[in-house]
Amino acid sequence: MSAAPDHDENHPHDLAHHFDTHRQQFDAGKLGMWIFLVTEILLFSGLFCAYVIYRANHPEIFIYAHQFLDKNLGALNTAVLIFSSLTMAWAVRAAQLEQKRALVRLLSITLACGFVFLGVKAVEYHHKWHDGLLWASQYNPKHHDSAEHNEAGHGAESDGEGLHGEEPKNVGLFFSIYFMMTGLHAVHVIAGMGAIAWVLNRARKGHFNRRYFGPVDFVGLYWHLVDLIWIYLFPLLYLIH
Amino acid sequence: MVDFAVGTLSDLSRMALLAQSDGGSFWLPPPESVSSWAVDNVFYYILYLSYFFFALIFAVLVLFVVRYRRRPGVEAVKTATHSTLLEAVWSLIPLGLVIIMFYAGFVGYVELRSPPEQAYEILVTARKWSWQFTYPDGTMATDLHVPVGEPVRLVMSSEDVIHSLSIPAFRVKMDVVPGRYTRTWFQAKQPGKFDLYCTEYCGTGHSDMLASVVVHQREAFDAWLVEAGDILGNSATPVEAGEKLFRLHGCGSCHSTDGTPRIGPTLKGIFGETHRFSDGSSLAVDENYVRQSINEPGAKIREGYKNQMPTYKGRLSNDEITALIQYLKSLDGG
Amino acid sequence: MATTVDGKTADFPTDRGPLNYLNCDRGILSWAFTLDHKRIGLMYLISIMASLGLGGLFAMLIRVELAHSGQQIVDENTYNQLFTLHGAIMVFLFILPGIPAALGNFVLPIMLGAKDVAFPRLNLASYHLWVIGALFFLLALVTGGLDTGWTLYVPYAFQTDTRVLTAGVGAFILGFSSIFTGINFVATIHTLRPPGMTWFKMPLFLWALYATAIIQVLATPVLGITLLLLAAELVLGIGIFDPTKGGDPILFQHFFWFYSHPAVYIMILPAMGIMSEVIPTFSRKHIFGYRFIAYSSVAIALLGFLVWGHHMFVSSQSSLASTIFSLLTFSVSIPSAIKVFNWLATMYKGSIALDTPMLYALSFILLFGIGGLTGLFLATLSTDVQLHDTYFVVAHFHYTMVGGTLIAFMAGLHYWWPKITGRMYNEFWGRLCSIGVFAGFNLTFFPQFVMGSRGMPRRYHDFPEKFEIFHFLSSIGAFLMGLAMLGVLIYLLYSLFKGRRAPANPWGSATLEWQCSSPPPKENFAETPSVSDPYDYDHIKYDPEKNCYYRVN
């Protein structure tokens, strides 16, 4: 990789100059990646804390407002991401076994899943935008429209006209948290897709072998984390009772 | 250079003397509230421990440096590189001492945070950059007047940013937060006048956000309350009453009376001017316009300013607004 | 390539000297895009010292303004900008990266016996991000300043007209820079130790950097999310911290201090690490209680996460929370006290040389001692009510951050200066200035304790007459200290051109970085260094002819 020019000849080209063995290089990279993932979790944990505090103090806002989120689209995205985790894990295995064609295909599928996820997210955001269901300062709901894509299940709980129950104060805060959490997550999905595209390109050039497959493994770890965060976001935001 | 050093030394000794000239100790102002012990006792406990430990560290350090200074031919002597017993001793002794510290501080904190049931309650409103104290009968003041020997509870809120009310002589400090009420209390020991500071940074006028605490005997306090409550009746002229109201309601925080624009436009010499508004219209300033601006500040926004003034509808009577208008008229452009 | 130093063949580079990391490649690009940890460390060193100069200039202006009551040189708004920028620059650009990213980057791999950090490109990225973050701070400075205090408390930060967003973006980027350094150090210490370098054979500076890196990694992301929420409020108005939209401004303080309290341990732990190197070396004694010091670094790092609420005893957080935070805060005081006693015990029956690094180390013990003892007043619930947000707090944290971290940084800078630059500075001026810094510092900040406990609030542009004498003395002290620091700058710069060539081991230290030449060759060691107890001075002998030390095996 980043070889020094005055590099001795029996030092392999895919082993950085300051490492003695591939094993050492891989271990360092893996440890570094895990620490980075810890920082990512802590980044999100700030938002989870904000979520917990506001939900504890104002449960009525969350119970009221979550009805405007589309459970089906959320579930679809969950399935897409879980599937992409499978293909990503499989890709790591393929890299270890030097199955170049399988590696390229699996990475491509994972990348495609990322696009599907973002597409669904864009549809959801578009609906929120259209209905004025935005963060606190822009929260300006158009109730008439929003009823259309509100799933039927909740209608039974409320009586007649007040489909969503009495609107509590400061509902915009829920959408602030919703957009911060899903927005930050979407940024991470995009970053993950960039990393996958980079690994995909290197895979096509045949950079990986059974001694050197670290980048695939590390990007895989990152992608699993992105999935994992979504698996928490989905019930916390969409499935509130 | 020598003069400078001598001067500095004499300043240092003046610091020691001056610090005690107000009847307090070198470290703390005189204790003027019945709860002062809650701070002072544990303060001196920690202080004397600190003197002791600092003296110990200093003495050992100087002793070692002098005694074991590097000399030719003298090598360092090998001593134990660790001693579990010694290290346990110098961990456990400080541990015991800080546990006492924690407990004493906790007891004091409970005292400072627990007002007696029967306390005289005063509402405190903080805003950039003035204090407003409201008494049970509706009287308002910019200084805090309290009766001696009675517990006083302050219920505080802020209109804009976070402030903090601090009365060092009473060992009182509590943040004043927008969107919630905070409480603190004290009971003054003797009549007198004490400093009140804002101790949470709040912008331009932070260091001017001062007030006095005036402690009266009960009869004098009652008399003060009556006088302060009737601003219109106790002022010689409507202009004087208007000036008092202007200060009391903190108008000067946003509106200057000397021609400089602040958050809001200046109020100097506005009568006779024609004002342009953000919707493009304009109007010559008269009494009705001023009254409307006080009651419905958003109705007409001066060009170049934002709509951020709170309404005073219901907080000022008609007579009071009239007095304010008279005061504003007195601020002529000359 | 470069010669190594072992046995009595300790070499003196002649004339231009052999190839080393400074002269092996030439041209500005060979610096700006270098992957060598030593060059990155040196660039960091220059950058943070420039920040120190700028922050110090603001400090001087503050002390001029406060020399007397009434307005002296600047109005309130300018003054508010001065103390904000002084704090923000000193905290984010100087103290946080100071010891780890500058001295740590240079020393860590060499001390460990490695060729580089685990991720050299990440290391370079960390420096580049630091530069970008610093540029954002400068941008905020020239486009309208910042007047929120470095703490950026809301809702004030939402209402000011100054450049909160620009500075926030800068701090966010600097946070990434700090995280990258942390990841690098943890991975390096875990995976790049050579054979023989077990955990308990590591010099204590490495333990300190390791503990620091853990905090950098675990705390900084929370600053990141806090700044993101702050930025989202400024740009979009999400209302999470804004009481006018139903949000909670106290939540911001919790988030902010969840990062910023551990951050003070990012500042002080590496400083303690330097003490654990300098004091044994200049006493020629094995460090006393190695394991206790090593464990106490990790203990401080972990306990440091549980005490943030002690910044909020009067903020309206619940009394129960305050009580718990007070108790936990005391738990951090014990490991710090242990270290001070251990350093003193190390000096017992030693052979103590009062060279410049050691003078700074002794200053550290005394000043950090005062800083730590005065911290007890602030950890105690009831006394904190009196002292919170007064000059007592200002004096306390300057005794720990300046009397602690800056003094330790000076100790480390003088200690490793020969290794970094290959030159010796003038010892007389070094000692004189270190005494000047010590005297000036105490004169500046000791009076602040007294006026603080007597009620003088912090961040005041003006003050009542009764505090005049304290402020005046403080200003005189600040100038004395500023003068001494200027002296340091002058003799250090002079040494670069006229200083004596530094031998490999001028102080008689036993750690590995003194086994390679001064300055070190590009890959640190031409031959694998021999690892032994880092505090065993039996093998280090003095050569009076060459005025340096050499190793006998």
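Helices (H or I, at least four residues) and strands (E, at least two) are DSSP runs, numbered from the N terminus. The views below show a predicted model.

View 1. The peptide bond that joins Val154(C) to Pro155(C) is cis, with omega about 0 degrees. Leu152(C) is placed in the loop between H4 and H5 as well. Its phi is near 55 degrees, which is a positive value in a residue other than glycine. With a relative accessible area of 8%, Leu152(C) is buried.

**View 2. A cis peptide bond joins Ser518(C) and Pro519(C).** The omega angle of this bond is about -10 degrees. Pro519(C) belongs to the loop of chain C between H15 and strand S1 (540–543).

**View 3. Lys349(C) has a positive phi.** The angle is about 60 degrees, although Lys349(C) is not a glycine. The residue lies in the loop of chain C that runs between helix H10 (319–347) and helix H11 (356–379). Its relative accessible area is 32%, so Lys349(C) is partly exposed.

**View 4. A nonpolar patch lies on the surface of chain C.** The patch is formed by Leu486(C), Leu489(C), Ile490(C), Leu493(C), Leu496(C) and Phe497(C). Together these residues have about 600 Å² of accessible area. One of them, Leu489(C), is in helix H15 (residues 468–498) of chain C. Leu489(C) is partly exposed, with a relative accessible area of 42%.

**View 5. The largest nonpolar core has 338 residues.** Phe175(A), Trp131(B), Leu144(B) and Leu165(B) are the residues with the most contacts inside this core. Helix H3 (residues 76–112) of chain C gives the largest share of the core, 23 residues. Apart from this core lies another, of 22 residues, including Leu248(B), Phe277(B), Tyr289(B) and Leu316(B). In soluble globular proteins, nonpolar side chains tend to be buried together.

**View 6. Leu144(B) and the residues around it.** Leaving aside residues up to four places away in sequence, Leu144(B) touches Ile122(B), Phe133(B), Tyr135(B), Leu154(B), Ile167(B), Phe186(B), Leu196(B), Ser212(B), Val213(B) and Val214(B). Leu144(B) is also among the residues with the most contacts inside the largest nonpolar core.

**View 7. Cysteines of chain B without a disulfide.** For Cys202(B), the nearest cysteine sulfur is that of Cys198(B), 3.9 Å away. A disulfide needs the two sulfur atoms within 2.5 Å, and Cys202(B) is in no disulfide. Cys202(B) counts as buried because its relative accessibility is 0%. Cys254(B) is likewise in no disulfide, and the nearest cysteine sulfur, that of Cys251(B), is 8.9 Å away. Cys254(B) is partly exposed, with a relative accessible area of 28%.

**View 8. Contacts between the chains.** Two pairs of chains are in contact, and of these, chains B and C share the most contacts. Chain A and chain B do not touch. The nearest C-alpha atoms of chain A and chain B are 13 Å apart.

How values were computed:
Residues numbered from 1 in each chain as written. Chains lettered and ligands numbered in written order. Predicted model: local features only at pLDDT ≥ 70, side-chain atom pairs only at ≥ 80, totals over all residues. Heavy atoms only, no water. Buried < 20%, exposed > 50% of the residue type's maximum accessible area, 1.4 Å probe, protein only. Patch = residues over 30% accessible without salt bridge, like charges linked within 9 Å, V, L, I, M, F, W, Y side chains within 5 Å. Areas by Shrake-Rupley, 256 points an atom, 1.4 Å probe, with all protein chains shown as cover. Salt bridge = Lys/Arg side-chain N within 4 Å of Asp/Glu carboxyl O. Core = buried A, V, L, I, M, F, W, Y, C linked by side-chain atoms within 4.5 Å. Contact = heavy atoms within 4.5 Å.
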